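Could you walk me through this structure while I have it open in my viewer? I would like to know what to select next and what I will find there.

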Amino acid sequence: MAKFWGDYRQNRAGLFGLAVLAVFVLSALLVPWIVGEDALSVTRPAGEPLQPPSGEFWLGTDRSGRSVLDLILWGSRVSLTVGFAATLISIAVGSLIGILAGHFHGWLSGLLLRVTDWFLVMPTLVLAVALAAVLGRSLSTIVIAIGVTSWPTTARLVRAQTLAVEARPYIERARALGGGHWHVMTRHVLPNVMPIVLAQTTLMVAGAILTESTVAFLGLGDPTVPSWGSTIQAARDTGAVSSGLWWYILPPGIAIALVALAFTLCGRAIEGVLNPRLRNR
């Protein structure tokens with residue numbers, strides 16, 4: 001771990017991404033004590049509708065009179081939770097299918113590859129929107145929709161790494177000594193594919209947050225829970241673009257871009273640590 005952190009510190013972009021993530025994660029964890037849930041009330045708003053930025057409301061107010069800054073802070077809690085949860089499902093499914101498809105041969109491997117290819121060619125956003133529309137508008141629906149539609153890339157990467165690992169001589173020795181399928185997959189394959197899974201996780205969280213924001217923007221998110229996507233949707237419905245209400249529509253969009261960029265930078269930095277050949281690219 002010390003060596004990993006020492007190599008990671010040499011990547012300035014990765015440190016910047018980590019710092020940005022730390023700010024958003026701390027904000028998401030502390031927002032119930034910093035702001036409180038009363039700030040989300042549409043019946044007892046703190047200000048007048050669509051007030052421009054001021055000393056009292058740093059980023060102005062929304063169409064109900066709530067602080068846009070408070071909505072962004074609460075939205076970070078929702079967006080990060082959905083991003084991490086959906087990524088956890090996607091990584092778990094992709095890793096399992098990738099290891100099975102790489103370890104076993106014959107009809108099972110062929111079946112898993114065909115299923116992976118089918119999900120791979122289907123647009124993730126379209127499938128997520130369809131599932132969200134069928135299952136109902138809730139955060140759990142969005143998490144499931146994103147998780148079960150974004151795993152094929154991980155499965156392909158893990159399968160390729162599994163094939164490379166199982167071609168090494170010590171795998172053949174383990175089998176000759178009586179190691180079964182479970183022993184080979186859990187003791188030898190899984191530890192060797194974890195680095196690529198870790199790098200893939202940081203990259204997929206960014207995609208999951210973007211997908212969640214898009215689904216919420218399309219009106220398929222939970223209307224009772226504030227998120228960055230739903231805030232942008234409300235701003236659009238209010239006519240923020242044509243009315244010049246920049247403080248209503250720009251901050252949540254910038255928050256989405258910053259978090260996605262931060263996760264991408266962290267993912268690239270982790271890839272550079274795990275694969276030194278990528279550091280100078």
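**Stop 1: colour by confidence.** This is a predicted model, so start with the pLDDT colouring. The protein averages a pLDDT of 85, and 97% of the residues score at least 70. Now select helix α3 (residues 68-103), which has the highest mean pLDDT among the elements, 91. Then select helix α5 (residues 124-135), where the mean is the lowest, 76. Keep in mind that where pLDDT is low, the predicted coordinates should not be read in detail.

**Stop 2: α3 against α4.** The axes of α3 and α4 lie 8 Å apart, and the two helices pack at an angle of about 140°. That angle makes α3 oblique to α4, and their crossing is left-handed. To see the contact, show side chains for Ile-97, Leu-100 and Ala-101 of α3, together with Ser-109, Leu-112, Leu-113 and Thr-116 of α4. By class, this contact has 5 nonpolar and 2 polar residues, with no charged ones.

**Stop 3: α4 against α7.** On the α4 side, select Ser-109, Leu-113, Thr-116, Asp-117, Phe-119 and Leu-120; on the α7 side, select Pro-152, Thr-153, Ala-155, Arg-156 and Arg-159. The residues of this contact divide into 5 nonpolar, 3 polar and 3 charged.

**Stop 4: zoom in on Thr-116.** Leaving aside neighbours within four places in sequence, Thr-116 is in contact with Ile-97, Trp-151, Pro-152, Ala-155 and Arg-156.

**Stop 5: α10.** Finally, select helix α10 (residues 228-238), which is largely enclosed by the rest of the structure because 8 of its 11 residues are buried. The buried ones to highlight are Trp-228, Gly-229, Ser-230, Thr-231, Ile-232, Gln-233, Ala-234 and Ala-235. What do they pack against? Show α2 (12-34), α3, α9 (181-217), α11 (240-243) and α12 (246-274) to see their partners.

Terms used
Residues are numbered from 1 along each chain as its sequence is written. This is a predicted model: local features need pLDDT of at least 70, side-chain atom pairs count only at pLDDT 80 or more; totals for chains, interfaces and linings use all residues. Side-chain values use heavy atoms; hydrogens and water are left out. Contact means heavy atoms within 4.5 Å. Helices (H or I, at least four residues) and strands (E, at least two) are DSSP runs, numbered from the N terminus. Ala, Val, Leu, Ile, Met, Phe, Trp, Tyr, Cys and Pro count as nonpolar, Asp, Glu, Lys and Arg as charged, and the others, Gly among them, as polar. pLDDT is the predictor's confidence in each residue, from 0 to 100. Axes are lines fitted to C-alpha atoms, for helices over the stretch in contact, and angles run from 0 to 180 degrees between N-to-C directions. Angles under 35 degrees count as roughly parallel, over 145 as roughly antiparallel, 65 to 115 as roughly perpendicular and the rest as oblique. A crossing is left-handed if the near helix is turned anticlockwise from the far one by less than a right angle, and right-handed if clockwise. Buried means under 20% relative accessible area, exposed over 50%, partly exposed in between (1.4 Å probe, protein chains only).
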